Amino acid sequence: MSTSFFFYAVSGSFPLPINFFSLIIISMNIYNIIITAILIIILVCGVIVGIKKGLRRSLLSLASNVIAALAAFGLARLFASALGKNAAKILSDRITSSVSSGTAGMLALPDISVWYLTAGRVILSVAIFAFFYLAVFLLLKIPINIIVKKYPAKKGKSGEPKVISPVIRVFSGLMTFILILSPAAALCGRLDSDRIDSYKYVSAAPTKDITKIARYPVVKAASAAGGGAFFNALTAFDQNGVHILPSDEIGYAAEFAFNSYDVFSFEQTDMNETESSLLKIDGALNGSSLLAPSIGAAVPYMASQWLEGKSCMGVKIKIPKGRAGTVVRKILEKISNWSAEDVVRDFALLAELMKLLQSKELNADMSAKELLNAFADREYAKEIFTALGSNPEFREVLPDLIYSGIGMAMDEIGAKLPKEYDADKVLSSLTKERIEEEAVIFSDIAASFSDIYRSNGSIKPSFMTADQQTQVKEAISGIKDSQVLDNETSKSVINALEDVFAQIKK
């Protein structure tokens, strides 16, 4: 994206073309020096030209500056409104032509394509404003020169204080500087505060550069002086009854993306940091007008693509076989039917779940022994089960998840279980109280296996003493009271375990 902005000497006589965005690729310290130097030049030129040109010429220059800004603002808004959809289509075509068909299908969804409209209008607004701002200002030089020549000031009889003209010129130059710097003032300012500092695991240079730009004194001053407000007024628009401020939407999108990376990179180990990141994700989803609908459209689409074995956004999910595969497939089926409201709600749930998981320092690399030890804590198991049960989609997967968990443990000790069972029969009985009771049953099983792990270093039946075998049988027999596993399935589990121990005795 390359848009030409034009800095010009405060007298308005010598335009200096500078490509704004090309400066961003320069070293950030050099960039700070450049924009600070430009500001100093404007101040110095304002004083010198003000003294030389006098009060009347300075007032006319200021008036032409204000008229040019207002005219350019109105024209930019008008053209951006008329051409915004065309710009969005061009952006959409270029992006979708460079990605896979699965990803292109997702990017073409209506709730996502509105981002093209937002980007297109920003580009058009800024480019058209810059063009007409300079063009109108230069055109106004013609009548100003005519007026000055036809009605020249009388030398030596002006009587105005010498300081007024330089002040007017400096003010006019600062106004131009703020307007031209407004994109950086608005966008970088929106991405500043402590947001980017909190993206602990994002090492990409752009995030660090944005932090530096946002904290440059000149950029902060330009934002405080109205640069951010001007950019918002220039680029804001209404879409389907919703008022959209692009700088805010970009800020929310960055907040969502970077904090999501922090969480799902699995590099974050501090519970408070994870909870903080997830709460920021939730805040971005609730604050943005575009983000929740677009994520609400993208996530189900990706899940449906993965269910079909296709790649989307460069990711392809390999669904495992057996019990784990059944659970993964059912979860993806639930996600494929999510709405925008589900996404907002489920990220809030995710924050709670991540807090619970990290309170026991659970992670993907934990051994079965460590997992059993964690779930041996009854209160902890209750909290996990209750959190899962509070979500309509995950609640429906809970029976399969529990059965698969037991099945994996039983597989390790050699007990054969049915591959699946009818979970729909038991879902109606899973009240909040019942879920807590189920958590106790399976926590007792985990505690039993955990004790044997600590004693033997293994839960293989051949390593168990007679007392340990009895302990396991008693723990497993507790599933007779379970409503998550129906009676027939519970009996199958218990009989399979007894068969294993009977074989050892022989």
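Contact here means heavy atoms within 4.5 Å. The model is predicted: local features need pLDDT of at least 70, side-chain atom pairs count only at pLDDT 80 or more, and totals for chains, interfaces and linings use all residues. Residues are numbered from 1 along each chain as its sequence is written, and side-chain values use heavy atoms, with hydrogens and water left out.

**Exercise 1.** Determine which residues F442 touches, not counting residues up to four places away in sequence.

*Solution.* Step 1: F442 touches F385, I402, I406, I479, S482 and L485, with residues up to four places away in sequence not counted.
Step 2: F442 is also among the residues that touch the most other members of the largest nonpolar core, which has 78 residues. Such a core is a set of buried (under 20% relative accessible area, 1.4 Å probe, protein chains only) Ala, Val, Leu, Ile, Met, Phe, Trp, Tyr and Cys residues joined through side-chain atoms within 4.5 Å.

**Exercise 2.** Identify the salt-bridge partner of D444 and locate both residues.

*Solution.* Step 1: A salt bridge is a side-chain nitrogen of Lys or Arg within 4 Å of a carboxyl oxygen of Asp or Glu. D444 pairs in this way with R378, the closest N and O atoms being 3.0 Å apart.
Step 2: Helices are DSSP runs (H or I, at least four residues), numbered from the N terminus. D444 lies in helix α17 (residues 432–456) and R378 in helix α14 (residues 378–389), so the pair ties together parts that are 66 residues apart in sequence.
Step 3: D444 has a relative accessible area of 29%, and R378 has one of 42%.

Methods
Buried < 20%, exposed > 50% of the residue type's maximum accessible area, 1.4 Å probe, protein only. Helix = DSSP H or I, 4+ residues; strand = E, 2+ residues; numbered from the N terminus.
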